[in-house]
Structure formats: C-alpha cells, structure tokens
Amino acid sequence: MSLKISPARSLPAAVDVAVVAIASDKCSDRALKARKLPAAALSAQGFTGAADQVAFVSDAAGRSVIAIGVGSSKSIDDNRLRRLGAQAVRAGSRSKRVGIDVLDLIEGRSAAEMASGVRALAEGLVLGSYRFTEYRSDPKPVALTAVTVAGVTGKPATDAFAQGLKIGDAQNFARDLVNRPGGDLTPAALAQEAVKLARRERLTIEVLNLAQIRRQKLGGLLGVNRGSTHEPRFVKLTYTPRAPKGTLALVGKGITFDSGGLSIKTGEGMMTMKMDMGGAAAVLGCFAAIRAVAPTCKVVGYMPMTDNMSNGDATRPGDVLTIRNGTTVEVLNTDAEGRLILADALSLATEDAPDAIVDLATLTGAVEIALGGRIAAVMSNNDAWLDDVESAAESAGERMWALPLPADYRPFIDSDVADLRNISKSRGGGTITAGLFLQEFVGENIPWAHIDIAGTAWSEADDAETTKGGTGYGVRTLLELARTFTPRRR
Ligand code: BES
Ligand code: MN
Ligand code: ZN
C-alpha cells in the first residue's frame with residue numbers, strides 16, 4: 001500500500017473516498033458547509049464530531065466522504081491523531097484510493113508539534129492496516145492501495161511522516177513475530193529472524209547455541225529449556241552510532257511457547273502462549289526502526305529464547321538452578337519461567353555495565369488482573385530512570401503505570417534451600433514479587449526498569465491502531481527511549 005503526503009491543501013481529485021476529521025466544536029451546520037460537507041446528511045446520522053464516531057456520506061459533488069469524529073478540538077493530541085490514522089484506513093479499506101484531510105487539526109501547531117502529530121498519524125495509518133495472513137490459504141486482498149494525506153509540507157513534517165511509517169512497520173514486524181505459532185517460531189527460528197534483521201539494518205549480532213549457552217553458564221535458560229526438544233538461543237544485538245554517548249541495554253523475554261512445563265497450564269491458559277516472546281519481539285521491533293530514529297547512544301539488546309515444555313527430564317518443582325551471576329534458585333513452579341531466563345539476561349547486561357537497562361516481559365498473569373489489558377506495569381530501582389521511561393511511554397502513546405518494589409516484600413522470595421525461590425510465599429502482589437526477583441540480578445548502581453507486558457502484548461479485539469492478536473506493545477516506547485537517551489547521573 002502506498003502511503004503519501006501531499007502539499008496541496010485540498011484533497012486530490014483522484015481519490016475514491018475523502019476521509020475528513022471533524023471536531024465536536026467545529027461540527028455546526030455553518031462550519032460543515034464552509035468545508036463543503038453535507039451537514040444535513042451528517043446530522044441525520046447523529047454525527048456530532050464526538051471522538052471515534054464514523055459516518056459514511058457523500059458531498060454535493062457526489063464524492064464519498066467518511067467523517068471521523070475527534071472530540072473537542074482542544075483535546076487533540078498525538079494519540080488522537082494516531083487513532084485517527086488507523087480509523088481512516090480501517091473505514092476506507094473497501095475503497096481503492098483514500099484521501100485524508102486533517103488540516104483542521106494540525107494547523108496552528110508549531111513546526112515541532114506538527115511533526116510529532118504527523119508522525120503519530122503515519123504510525124496510525126500503518127498500524128491500522130496491519131493484517132496477519134501468513135496462514136490463510138486465500139488471503140482476501142484489501143481494496144485500499146493508496147492513501148494521501150493532504151496539506152502536509154515542510155521538511156520536519158515530511159521527515160516525521162517517513163519516520164512514522166518506519167516505526168509503524170517495526171511495530172507490525174513485532175506483531176508478526178508474536179502471531180507466528182510456537183511450533184513454527186522455535187527459538188532457532190526467532191534467532192534467525194534476528195540474524196536477518198541484523199543483516200538488513202547493519203547491526204552487530206551474536207547468537208549463542210546450546211553448547212555456548214552451557215559454556216556461558218546460563219543456568220536459568222538451560223533449566224527452562226531442559227524439558228524441550230528444541231535448542232535454546234541467546235541473542236545479543238548491538239547498534240553503534242558514530243561517537244556513541246552512553247549505552248542503553250534492552251532485555252526481552254523470548255519464551256516461544258509457554259506450556260507451564262511440569263507445572264502445566266490449563267488448555268485455555270495455553271491458548272495464547274505463543275505470545276510469550278512479546279518482550280523479545282518488542283526489542284527486535286525497536287532495532288528494526290533504530291536507523292530511522294538514529295539514537296546517539298549505543299543500544300544493546302539481550303534476548304534469551306526457549307520454549308517451556310515438559311519431557312521426561314524436564315526441570316521438576318524443587319530443582320535448584322544456578323543463574324549466570326552465581327545466584328541459586330529453587331524452582332517451585334516451572335510456570336514462573338520468565339524470571340529464570342531473564343535472570344541470566346540481566347546478569348549478562350549488568351556485566352556489560354550499561355548506563356541504564358529496561359526489560360520487557362510477558363511475565364505475570366497478575367498484571368492483567370491489576371491493570372487490565374491496555375496498561376502495562378513498570379517497576380524500577382531508580383526514580384529518575386522511571387521518570388524517563390514513563391515520559392517516553394507517554395510520548396509514544398503506550399500506557400503504563402508504576403508499581404512499587406517494596407523491600408519488605410523481598411523475604412517472600414527467600415528459599416529454604418537456595419538463595420531464592422521462583423514464586424512468592426505470600427498470596428497476591430505477583431507482579432511485584434516477580435519484579436523483586438528480577439532486581440536481584442541487576443547491578444545495584446545501574447538504573448533499571450522492568451515493564452510487565454503480559455496484559456498488553458496481546459489483544460482480544462481490534463480498536464483503532466490496536467489489532468487483535470499480538471499488539472507489538474513496547475516498540476514505540478523503546479524507540480522513543482533510545483531516541484531521547486542521554487547518559488547522566490540518575
Ligand atoms: N507467560 C506467563 C504469564 C502470562 C500469563 C502472560 C497470561 C500472558 C498472559 C508466565 O510465564 C507465567 O506463567 N506466570 C505465572 C507465574 C506464577 C506461576 C507465579 C502466572 O502469572 O500465573
Ligand atoms: Mn509461565
Ligand atoms: Zn511465560
């Protein structure tokens with residue numbers, strides 16, 4: 001599909017449908033007529049410009065018009081523009097050529113605000129057109145082939161549009177990885193995706209196989225992989241700009257399928273567990289658009305990859321694993337496997353002494369109980385770094401909410417036989433105790449944030465830029481974090 005901007009303020013004549021954004025305070029008959037919009041037809045459909053309203057009408061010249069409500073013009077931010085872009089391509093998907101008129105919304109913005117709005121709109125266009133058809137024998141082609149956004153000029157906005165398309169593509173790449181079945185996207189296959197990405201984006205990559213993972217003493221990853229037929233992988237990806245200013249480490253959970261292991265899940269509990277590599281997918285998605293964003297810091301990704309299965313010699317409840325950094329862990333529930341592979345990854349990241357670490361993991365079902373499916377949880381050992389992560393998420397339009405890491409909950413993961421146990425002794429607070437477990441593997445002086453995306457990595461329904469299935473949550477936040485990263489005392 002071709003997605004373009006045009007400097008002309010009015011929509012090109014050669015479109016099959018015009019999508020117009022209408023604010024609720026600019027929806028009077030007079031305001032609509034001034035824009036040559038069919039006021040009577042719109043009001044007959046009850047269209048008021050309220051946010052997320054969609055109406056299909058035609059104008060005096062007989063051209064098809066899709067009106068999309070955006071709410072009060074004072075409330076229009078980048079998130080609204082991202083939603084609008086997605087709603088426009090969804091509503092226009094049955095036409096061939098769609099023109100979009102959003103001038104009303106972005107006029108009067110400063111050049112920088114205009115650019116970020118156009119970037120968000122472009123993201124929305126790409127995200128809203130996502131479809132996962134790899135496994136369809138007859139994928140029905142979408143009619144829509146060309147989208148033109150009218151009235152966008154100037155280098156900042158033009159560059160921002162191109163950047164938004166790349167960011168959207170990167171998030172869609174993460175969605176593809178999450179949506180691919182666990183039986184096909186094995187650890188080796190996921191690592192191969194990273195290799196392809198590294199070649200394309202000129203990144204440095206290291207892939208550890210089973211023998212190398214043994215030599216590196218990644219005991220958490222080996223323990224989880226013990227019940228599997230498939231070899232594990234550990235992928236380290238590095239982006240190095242000219243004269244890097246500091247290093248940002250990104251860690252992503254890469255469980256290609258989580259059956260629970262011997263502490264087996266229910267049939268229903270397993271249905272979506274191909275998504276358990278959503279953290280690694282977000283990190284890979286970030287690297288897919290990293291050159292478009294061109295951070296001035298070095299960015300290093302650490303991704304442990306395995307499935308969590310049960311064969312005759314799988315890790316048993318009661319077994320003790322020794323993590324890369326020497327910490328011993330009593331595994332009392334083999335379904336709390338994410339923290340075991342992340343323990344090795346955080347240990348390795350810590351050894352490289354980055355200026356900050358952020359990890360993403362589909363870690364606990366509890367996070368969805370606490371915050372639902374649209375808000376991730378973030379935990380940190382450093383308030384200034386937490387602020388940075390929250391600001392990046394806010395600018396990127398990905399919602400997250402901070403949970404504490406209270407010291408008095410730490411004894412809940414004390415083991416009777418080893419240094420730690422992998423599940424809490426106490427009821428409740430499962431997201432927090434998982435965060436406290438991870439904290440044990442992070443160097444004390446390294447600012448670190450942990451984002452639990454178990455609720456947000458997967459969606460049961462389409463909604464504007466969010467698509468059913470893998471969401472690619474985290475890609476935009478990581479790119480924004482990398483783009484704005486400056487090493488400093490935190
Ligand atoms: N991958 C799951 C977490 C998860 C649950 C992700 C639902 C997405 C949707 C994780 O490995 C897990 O099984 N966690 C356990 C931890 C428990 C055994 C302490 C959980 O949340 O039940
Ligand atoms: Mn699990
Ligand atoms: Zn898991």
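These legends walk you through close-up views of a predicted model. Local features need pLDDT of at least 70 and side-chain atom pairs count only at pLDDT 80 or more, while totals for chains, interfaces and linings use all residues. Residues are numbered from 1 along each chain as its sequence is written, chains are lettered from A and ligands numbered from 1 in the order in which they are written, and side-chain values use heavy atoms, with hydrogens and water left out.

**View 1. An open, mixed sheet of three strands.** The strands line up in the order β12-β13-β17. Strands are DSSP runs (E, at least two residues), numbered from the N terminus, and two of them pair if DSSP finds at least two bridges between them. β12 (320-322) and β17 (420-421) are the edge strands; each has a single partner, so one side of each is left without a neighbour in the sheet.

**View 2. Where β13 meets β17.** Strand β13 (residues 328-330) runs parallel to β17, and two bridges join them. Look for E330, whose bridge partner in β17 is R421.

**View 3. The shell around ligand 1.**

**View 4. Polar contacts to ligand 1.** These are pairs of N or O atoms within 3.5 Å. Oxygen atoms of ligand 1 lie 2.8 Å from a polar side-chain atom of D335, 2.9 Å from one of D258 and 3.2 Å from one of K253. Alone, ligand 1 exposes 520 Å², of which the protein buries 77% (Shrake-Rupley method, 1.4 Å probe).

Key. Helices (H or I, at least four residues) and strands (E, at least two) are DSSP runs, numbered from the N terminus. A polar contact is a pair of N or O atoms within 3.5 Å; within protein, one must be able to donate a hydrogen and the other to accept it, and residues adjacent in sequence count only if both atoms are side-chain atoms.
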